[in-house]
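The sequence and structure are shown first.

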Amino acid sequence: MESNTLNEVFALTFKEGAYSCKRLEKNGSIFYVVKFNSSYLYLTKAFAQDGGAFWTSVPADTKLNHLVFELGKQIDNYNKNK
Amino acid sequence: MCYYNGRKVTRTEYIRLKELEKTVAFLNEEIAIFKGFDFNDFPVLRLKAGSGETERIDMEWGFLPPYLKSREEVKRFRSGYKDAGGKWHNGYPCLNATSEELLNNIYRDAALHRRCLIPSNGFYEWMHVQVVGKSGKLLKTPEKFPYLIQMKDHEEFYMAGVWQPWIDTETKTTVNTFSLITTVANTLMKQIHNSKERMPTILPGDLADAWLHKDLSDQEILDIANYQAASAEMKATPLHKDFLKRENPHEQVIYKEVPELVYG
């Protein structure tokens, strides 16, 4: 069960770097923005037609799938351990 | 059948994700901080070729004259270089174009034929303040205090610019570049940008429209380029010195070393 706390900020790590991640909600969609130096990556958990959930970047970019998978896993852990 | 990021999703989920794309595109502009010396792309308004319509396209901040042929030449032009004899040649970032000189230098042709508007919701300038060191004496180098400057009644406003297509002869690609026009600082900006006493030419709606759409005479171009927005229309917020690295870069801070601003 995910919390409804919005705009909370927490840290994610990737390749030994730490990046801030902010949880946001707009028009009913929950998504996360990760700040990489001067650029931003947006992530959301989407649901496939078979009902399975998966993390995706927004806009979609398959080249980022590995990064998105890693960060999504950390966001899931963060939400679980809150 | 709908796919998103290679996964089959329901139509409802697909619509939600596409809507989210629009949301984050807008957010990107809201939170983006553009630094001139990064020479990054910046969204700019210009006239669409062959029509009276306006288009918003990304251009590289840092006007490049057509005679430069490669990125290597661009680097030397912008940053300066030492020649074979060891003599240093200064660089010309061309981020800003001085309004008074607009028609007398490399910007002339662009000012006559390729004017643009740079949408903004705020810009940054640094106040230079002489501070007293631990020894009780004034330090030689002034300290710099950053400010965010916004327009009180307009969340988004337009700054005047000129643009220039530049062809990279190595990659055969055309890059649109622009320079932002600066005018004499008003009384508020004189206090903040006290090292140069300049500020961007911020145009009200009618002048912005004329800058982009009208066939202007030399004098009209100079009149608009020299337009000075009033201090009373602006608000200035002092920021943390490391604001660019902060989660909330626009968090206000009070500096006791800095004189209070006078909005006159």
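Which residues touch the most other members of the largest nonpolar core?

## The largest nonpolar core

In this predicted model, the largest nonpolar core has 34 residues, of which Y147(B), F178(B) and M234(B) touch the most other members. Strand 10 of chain B (residues 143–151) contributes the largest share of this core, namely four residues.

Leaving aside residues up to four places away in sequence, Y147(B) touches F123(B), Y124(B), E125(B) and M127(B), together with I192(B). The contacts of Y147(B) also include A236(B), T237(B), P238(B) and L239(B), as well as V258(B) and L261(B).

## Another core

## The interface of chain B and chain A

Contact between the chains involves 21 residues of chain B and 26 residues of chain A. Together the two chains bury about 2,100 Å², with 56% of this area on carbon and sulfur atoms. Eight residue pairs are in polar contact across the interface, both residues being at pLDDT 80 or more, while the count of salt bridges between chain B and chain A is zero.

On the side of chain B that touches chain A, strand 2 (7–9) and helix 1 (11–31) of chain B each supply at least two residues. Helix 1 of chain B gives the most to this side, with 10 residues. Classified by type, the side of chain B that touches chain A comprises nine nonpolar, eight charged and four polar residues.

Methods: Residues are numbered from 1 along each chain as its sequence is written. Chains are lettered from A and ligands numbered from 1 in the order in which they are written. This is a predicted model: local features need pLDDT of at least 70, side-chain atom pairs count only at pLDDT 80 or more; totals for chains, interfaces and linings use all residues. Side-chain values use heavy atoms; hydrogens and water are left out. A nonpolar core is a set of buried Ala, Val, Leu, Ile, Met, Phe, Trp, Tyr and Cys residues joined through side-chain atoms within 4.5 Å. Buried means under 20% relative accessible area, exposed over 50%, partly exposed in between (1.4 Å probe, protein chains only). Contact means heavy atoms within 4.5 Å. Buried area is the accessible area (1.4 Å probe) that two parts lose on being put together, summed over both. A salt bridge is a side-chain nitrogen of Lys or Arg within 4 Å of a carboxyl oxygen of Asp or Glu. A polar contact is a pair of N or O atoms within 3.5 Å; within protein, one must be able to donate a hydrogen and the other to accept it, and residues adjacent in sequence count only if both atoms are side-chain atoms. Ala, Val, Leu, Ile, Met, Phe, Trp, Tyr, Cys and Pro count as nonpolar, Asp, Glu, Lys and Arg as charged, and the others, Gly among them, as polar.
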